[in-house]
Each structure stands twice: as C-alpha cells, then as structure tokens.
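Here are some notes to read with the model open beside you. Take the points in order and look up each element as it comes up.

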Amino acid sequence: MGTGASRNPDSSSHGSEEREDQAGGQLYVSLKMENCKLKEELAPHVYGSVPLVGSWDSSKALPMERESTSMWELSFVVPPNHETLDFKFLLKPKYSNGPCLVEEGPNRQLTGGTLQGDRPSATFKLSDDAVLEYRVFIKADRVSPFDLAASWRAYQENFQPSSVRGIPDVSINSAAEASNENGSSASLELDLEHYVVPAPTTSANSGLVYAANMTETPRSLSRRGVFSKTDGSSGALHYQRDTGVSVDRPDLTPMEVTVPDAAKISSGSGLVESKSVGTFSPVQKQEGHRGLFVDRGVGSPRLVKSASATTFFVDLKLDSESKNSMPAAAGAVAAAAVADQMLGPKEDRHLAIVLVGLPARGKTFTAAKLTRYLRWLGHDTKHFNVGKYRRLKHGVNQSADFFRGDNPEGLEARNEVAALAMEDMISWMQEGGQVGIFDATNSTRKRRNMLMKMAEGKCKIIFLETLCNDRQIIERNIRLKVQQSPDYAEEPDFEAGYHDFKVRLENYEKVYEPVDEGSYIKMIDMVSGHGGQIQVNNISGYLPGRIVFFLVNTHLTPRPILLTRHGESLDNVRGRIGGDSVISDSGELYAKKLANFVEKRLKNERAASIWTSTLQRTILTASPIVGFPKIQWRALDEINAGVCDGMTYEEIKKNMPEEYESRKKDKLRYRYPRGESYLDVIQRLEPVIIELERQRAPVVVISHQAVLRALYAYFADRPLKEVPHIEMPLHTIIEIQMGVTGVQEKRYKLM
C-alpha cells in the first residue's frame with residue numbers, strides 16, 4: 001500500500017542527510033479505485049485536509065478520472081514540508097445534487113510518506129443498509145523536482161490533441177491532402193542525380209569490392225608473403241596460367257610453418273598440436289568495459305537503488321576469458337550470453353561457423369552478411385577467408401590443376417593454409433573473440449574432420465552448407481567471380497579465366513561430400529529468395545537459433561532501401577530531445593519534396609512500402625506520399641529519453657550534471673533514467689532488420705536520428721562504438737542498394 005521511507009526522529013546518524021533529502025524531494029501520491037458497476041451513476045471523488053486534496057466540504061471534493069475501463073485514478077504532489085495528509089473516498093451523483101456517500105471508517109492518513117493502517121477496500125453504506133465495497137490502491141513515492149518537471153512537460157505535451165490521431169497503423173493507397181501550398185518550391189529537378197551529395201567512405205559505398213578482400217587479414221602471413229616448407233624447399237606452389245605477364249616477387253625471408261597431416265588427424269583420437277613459428281605474439285586481454293553485462297547502462301550511481309542488482313554484479317563469478325567474450329549488447333542477447341557463460345561448456349563460449357560448399361554458391365556473400373549481422377547485435381565476430389590466405393602464400397596465378405583432388409602437392413598446400421586460418425581464428429577466440437566465420441569450400445569429410453580436431457575443447461563448430469541447383473544463379477556467380485576475384489586479376493582474357501574457373505569447379509565436384517556429421521545448417525536453393533529450404537541438425541542455444549532465423553530471411557534480390565529522418569519538428573527548432581511535436585514549416589516543405597522524390601525514384605516499384613514510427617512527426621512527413629502502403633512501427637520510435645524527455649542538453653547539463661557526464665563518456669551504453677540506451681535501441685530494431693532483409697521490394701523508412709544511426713550502422717558495417725556519432729542530417733535521403741554485389745550507398749540532399 002503506502003510506500004516511501006519512514007523518517008525516524010530519534011535517528012542521530014544520517015539525520016541531516018535525511019532532512020536534506022526530504023527537503024529536496026516531493027511526495028507523489030497516487031489514489032486508485034477499482035471501477036466496479038457504480039450504482040445510480042455515482043462517480044468516485046476524494047476529499048480531505050486543506051489545501052492538498054481540496055476540503056472536507058463534499059461540494060469541493062476532487063473528482064477521480066478514469067484511467068482505464070477498470071480503474072479510476074487521482075494523483076497529486078504533496079510539498080516536502082507537509083507531514084500529514086488526511087482524506088477519504090467519496091461517491092457523488094453525476095447528474096444531481098443528491099446526497100453523497102462517504103467512505104465508512106476512520107480517516108485515511110499519510111504521515112511522512114507512509115500510509116497508516118492497511119485497508120485494501122473502501123466501504124460505502126446505502127440508505128437501505130446495502131453495502132458497496134470497492135478495492136483501492138494507494139501509493140506514495142518521493143520524486144526529485146527534475147523528475148517531476150519532466151513528467152509535467154510530458155503530460156502537457158500529451159494533453160495537446162495529436163495531429164495524427166485516428167490514422168490507422170496500416171493504410172493502403174491513402175490519398176493526399178488537397179493543398180497546393182508551397183507547390184512550386186516543393187517540386188524537384190527531373191534528374192534526381194542533381195541532389196546527390198558525397199557519402200562517408202565506408203564499406204557500404206566503396207563500389208564493387210570483392211567480399212573476400214574485406215575479410216580478416218591473416219596474422220600468420222602478414223609479415224611475409226612467401227613461406228618455406230619444413231624441409232627447407234620453397235613452399236610457394238606455382239601452377240600458373242600462361243598470361244604472358246611476368247610477375248616479379250620480392251625476395252622475402254622465409255618463415256617456417258608446421259602443418260598437421262589431415263589423414264593422421266582424422267584417424268587419431270588425440271589433438272595434433274599445430275603452431276606457426278614467427279607469427280605475431282598473442283595480444284594481451286583487454287581490461288576495459290568489453291563486458292558490461294546486463295546493467296542499466298552507464299549512468300549516475302545514485303539512480304541504482306536495487307540492492308539485488310548490485311549483488312548480481314558482485315556475485316557473478318566469470319573468469320577473464322568469459323568477461324572478454326561477453327557481447328556488447330543489452331536485452332535478450334546479453335541475457336543469453338550470461339546464461340551460456342555460466343551454464344554451458346567452456347568450448348561453447350566461442351562459436352565457429354564453418355562454411356561448406358562448391359565454388360560460386362554464395363558462401364563468401366553469406367559469410368559477409370552473417371558477420372555484419374552478428375557484429376551489429378554486439379557479438380565480436382570476424383570473417384576468415386581461406387582463399388585470402390592461399391593468395392597471400394602462393395600468389396594468385398594457380399591454374400585449375402592446383403585444385404585437383406589427385407594433386408598431392410596442391411592438396412597439401414590447401415590444407416596448409418586452411419590450418420593456418422583455423423589457428424588464427426582459434427588464437428583470436430582465446431584472446432576474447434566470440435564468433436568466427438571460417439570461409440572455404442571444406443568439401444571433404446577429411447578436411448572437416450581436421451578442423452573439428454583442431455577445435456576440440458576450444459570452440460563449438462557449426463557447419464553451414466550452401467547448396468544451389470539453379471543453373472542461372474550458378475552461371476551468374478561464376479561470371480562475377482571471374483570479374484571480381486583477385487585470382488583472375490592478372491588474366492586479361494575473360495573467356496580464358498571463365499574456362500579455367502569452370503575446370504576448377506569440375507575438380508571440386510568430383511570429390512565433394514555433403515555434410516552429414518556434427519552440428520550443421522544446410523541452405524538449399526535459398527539465395528534466390530523464392531522458397532528453398534533450410535535443414536538443421538543438432539542446433540541449440542540462443543545464438544545458433546538467431547543465426548538460423550536470420551539465414552531463413554536473407555536473399556540476393558536487388559532492391560533499394562531509403563532511410564530518412566522526419567521533416568524538421570518544432571522540438572528540433574527548440575533544441576529539445578524526445579517529445580511528440582508536429583513538424584515545422586520547413587518540415588512540411590521537406591515532406592512535399594520527399595513525396596516528389598519517392599514518386600520519381602519508385603515510379604516503377606508499385607510493390608514498395610513506406611514505414612514510419614508511431615510518432616506524429618514521422619507520420620506527418622509521410623502523409624503527402626500517395627500510392628504506397630504505409631506501416632507504423634513502434635520499434636522505429638526515437639530513443640526513449642526517460643525523465644530527460646522534452647529537455648534541452650543545456651538543461652540536462654545544468655540540472656543533471658552527473659547524467660550529462662555519464663552520457664558524454666559512453667553514449668553507446670548510457671541509458672537515460674527510465675529510458676533507453678543505444679544498445680537497447682539496437683535490440684528492439686532486430687525485427688526491423690530481419691524484415692528489411694526479407695523484403696523483396698523497396699522500402700522507405702522515415703524515422704529518427706538515433707534509430708537511423710543504428711539501422712545505417714548495420715548496412716554500412718560500422719563498429720558499435722561509432723553508432724552514436726554517425727552523421728544523420730535532416731532533409732537527406734540515404735539510399736542503400738542491396739543485392740548480389742553487396743551493399744552500396746548513395747545520398748540525396750533535398751534541402
């Protein structure tokens with residue numbers, strides 16, 4: 001019932017602190033009455049001591065307001081210098097001046113924030129001796145003046161009628177409002193390229209980049225480009241195509257590499273130790289805030305009032321390796337990670353996704369998308385491409401003969417670089433890495449057994465096999481491979497390269513053995529986006545489950561995704577964060593320009609859709625757009641600023657300096673009091689990302705700065721620490737083009 005700390009006048013220790021706390025806080029009182037069927041149209045009221053509740057005069061009693069269909073409510077604030085509050089519940093006729101029904105029993109009394117007595121119901125006696133009884137709920141909390149001011153601003157803002165009230169969550173082919181105001185100034189040039197502005201240099205707009213080149217740089221090979229075999233002879237195998245081009249290679253000091261024998265590993269019961277000599281020394285484990293677990297974010301310690309929460313951090317016993325392998329995440333991802341660290345086997349703390357499949361089946365593309373997704377969720381993930389290791393060690397001129405299954409030297413060389421890549425991945429995991437994507441054909445059981453033996457007791461392996469039977473897709477991938485792969489960068493004749501790759505593919509097909517061992521995920525004809533199937537075996541746990549769900553929804557169909565902030569709002573003009581204000585005159589002009597842009601850009605895309613948040617500034621920005629379905633997403637709402645909602649940053653700095661400094665130190669993890677952090681926003685945006693990946697038609701997303709920063713970071717593969725600092729200007733459209741060649745970006749500045 002009554003809450004709040006009782007004051008002990010006899011207390012000597014901390015007495016001055018308590019008086020100071022009481023003087024600085026307000027007592028917020030909430031009275032509620034369950035809404036049973038009230039007889040004779042009676043309405044609940046409260047009356048009591050002057051001047052807080054009104055008066056003991058029933059004609060001046062304060063009415064309770066309907067909070068919901070089942071509850072009436074009245075709340076008010078008691079000044080800190082008022083020690084006692086006496087009151088009673090009252091039932092008054094709604095439409096007459098008839099007699100009131102006063103609650104039976106003694107007065108209810110709040111003293112020093114604590115309710116005296118415990119009466120869970122209010123009883124009223126009728127004239128015929130019948131009795132009415134209703135459950136009541138009384139709560140009193142101390143709040144700071146800042147919290148109270150923020151709550152009042154939010155109340156005042158919500159008290160204003162919304163300009164978008166009544167608009168359905170999903171509207172199809174809505175008509176535009178009849179208005180020609182600013183019509184001429186809202187029109188755009190016929191050529192939309194006129195509005196293109198430079199985009200920041202990221203992987204999302206770097207042109208057609210071969211995906212394998214964006215993978216992890218081999219640490220074992222980064223110091224030298226040529227190695228020696230253990231017998232001292234040259235380790236670089238040259239099955240060169242006759243290109244007529246002489247390639248001068250520097251005379252580099254060789255390095256020794258010991259490669260495990262695949263046959264011995266697959267048949268033996270023990271783990272064969274394989275080490276590279278001369279590689280970089282292991283990086284010492286970082287002692288920073290890599291694993292902040294499931295906290296409220298970086299904020300003022302004074303707001304952490306839960307003793308149980310404090311005990312959780314003290315009692316959580318994780319070794320240094322476990323702490324390093326915790327994801328930078330909140331919500332379900334963090335909860336699952338904590339459970340896995342505390343309950344699962346040690347090797348399950350690290351996950352290796354080992355690709356399996358013939359060339360030109362989309363393995364590297366799938367690996368790149370999965371890496372981007374897991375990084376965005378907060379998991380430390382790296383993509384290790386064995387082809388990159390092979391090119392660095394043996395050059396780029398291997399002919400198709402190098403990949404024959406009956407070529408012992410080629411087979412040994414390919415197993416050697418696979419072992420090096422696996423060693424690098426395991427070493428990185430032991431330094432704190434969480435998920436490694438091992439990208440290679442891994443087309444035989446002997447190769448896969450070698451990898452499983454190397455991973456024993458160190459990480460959990462899940463095989464991800466990509467199978468494709470669509471000859472058109474395979475043909476397209478082969479041509480892209482010859483055009484983009486460094487393997488054919490020195491081949492001037494496309495047809496010669498095309499023929500060589502076809503022979504290489506035939507060599508792999510002769511020895512290919514589908515996965516039927518261990519834990520695996522099979523993607524069968526999934527890349528087209530037209531059905532297909534996924535088979536899973538021995539898959540369990542939160543993260544493997546998320547990976548399967550993600551893979552089910554991905555495809556290669558090219559389509560644009562347009563990201564834009566709402567038009568300038570009145571709160572933007574005032575410099576206030578959060579709120580639900582309407583758009584300014586400038587914002588209305590942008591809304592019309594945006595509608596003009598969408599009409600021109602998507603004129604042939606009738607299946608496109610418009611997504612907005614549930615806040616009126618995005619809905620009003622989308623209102624001039626016609627001909628496309630509009631969908632409101634609660635997940636696209638702006639970051640929740642909690643008690644700071646409606647304040648300016650200067651007001652926060654002045655009135656809440658500790659919060660201001662905490663946010664400044666770590667904007668990614670900082671959580672507004674009673675609000676959200678950027679990590680919280682990322683967690684609630686995961687369904688949006690999954691649906692954007694699943695969509696086959698263009699989507700226009702009209703949202704807010706923090707939300708669009710998080711979405712853009714996913715597509716541009718930006719590190720989480722950069723998310724709060726990504727530039728997301730008003731009245732600018734970011735076009736993300738998704739397709740088989742990856743992700744490209746273009747920006748349009750309309751105003």
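**Notes on the fold**

1. The protein chain has 21 helices and 25 strands. Helices (H or I, at least four residues) and strands (E, at least two) are DSSP runs, numbered from the N terminus. This is a predicted model, in which local features need pLDDT of at least 70 and side-chain atom pairs count only at pLDDT 80 or more, while totals for chains, interfaces and linings use all residues. Residues are numbered from 1 along each chain as its sequence is written, and side-chain values use heavy atoms, with hydrogens and water left out.

2. Start with the whole chain. Of its 751 residues, 51% are buried; buried means under 20% relative accessible area, exposed over 50% and partly exposed in between (1.4 Å probe, protein chains only). Take the contacts between residues at least 6 apart in sequence: 73% of these join residues at least 24 apart. Contact here means heavy atoms within 4.5 Å.

3. Six strands form it in the order 15-16-14-17-18-19, with mixed pairing; two strands pair if DSSP finds at least two bridges between them. Strand 15 (381-385) and strand 19 (533-537) are the edge strands, each pairing on one side only. From one strand to the next, the twist averages 15 degrees.

4. Which way do strand 15 and strand 16 pair? They pair in the parallel sense, over five bridges, with strand 16 covering residues 435-439.

5. Strand 18 (residues 520-524) deserves a careful look. Five of its five residues are buried, so strand 18 is largely enclosed by the rest of the structure. Both of its faces are covered: Y520, K522 and I524 are buried on one side, and I521 and M523 on the other.

6. Strand 18 also has two pairing partners to trace. With strand 17 it pairs in the parallel sense over five bridges, and L467 stands opposite I524 of strand 18. With strand 19 it runs antiparallel, again joined by five bridges; here the partner of M523 is I534 in strand 19.

7. Next, the helices on the sheet. Helix 9 (residues 386-394) lies across strand 15 and strand 16, at about 50 degrees to strand 15. Axes are lines fitted to C-alpha atoms, for helices over the stretch in contact, and angles run from 0 to 180 degrees between N-to-C directions. Helix 10 (residues 408-430) packs on the sheet too, touching strand 14 (351-356), strand 15, strand 16 and strand 17 (460-467), and its direction makes about 170 degrees with that of strand 16.

8. How do helix 9 and helix 10 meet each other? Their axes come within 9 Å and cross at roughly 120 degrees. That makes helix 9 oblique to helix 10; angles under 35 degrees count as roughly parallel, over 145 as roughly antiparallel, 65 to 115 as roughly perpendicular and the rest as oblique. On the helix 9 side, V386, Y389, R390, K393 and H394 take part, meeting A413, E416, V417, A418, L420, A421 and D424 in helix 10.

9. Helix 8 (residues 363-377) and helix 14 give you a second pair to compare. They pack at an angle of about 125 degrees, with their axes 11 Å apart, and are therefore oblique to each other. T366, K369, L370, Y373 and L374 of helix 8 make the contact with L543, R546, I547, F550 and L551 of helix 14.

10. Stay with helix 14 (residues 542-552), where L543, P544, I547, V548, F550 and L551 are buried. These residues cover an arc of only 165 degrees around the axis, which puts them on the same side of helix 14; the arc is that of the directions from the helix axis to the C-beta atoms. An α-helix has 3.6 residues a turn, so residues three or four places apart point the same way.

11. Finally, pick out two single residues. E423, in helix 10, is buried, with a relative accessible area of 11%. Y508 lies in helix 13 (residues 494-511) and is buried at 7%. Leaving aside neighbours within four places in sequence, Y508 is in contact with L358, P359, F403, R414, T441 and S443.
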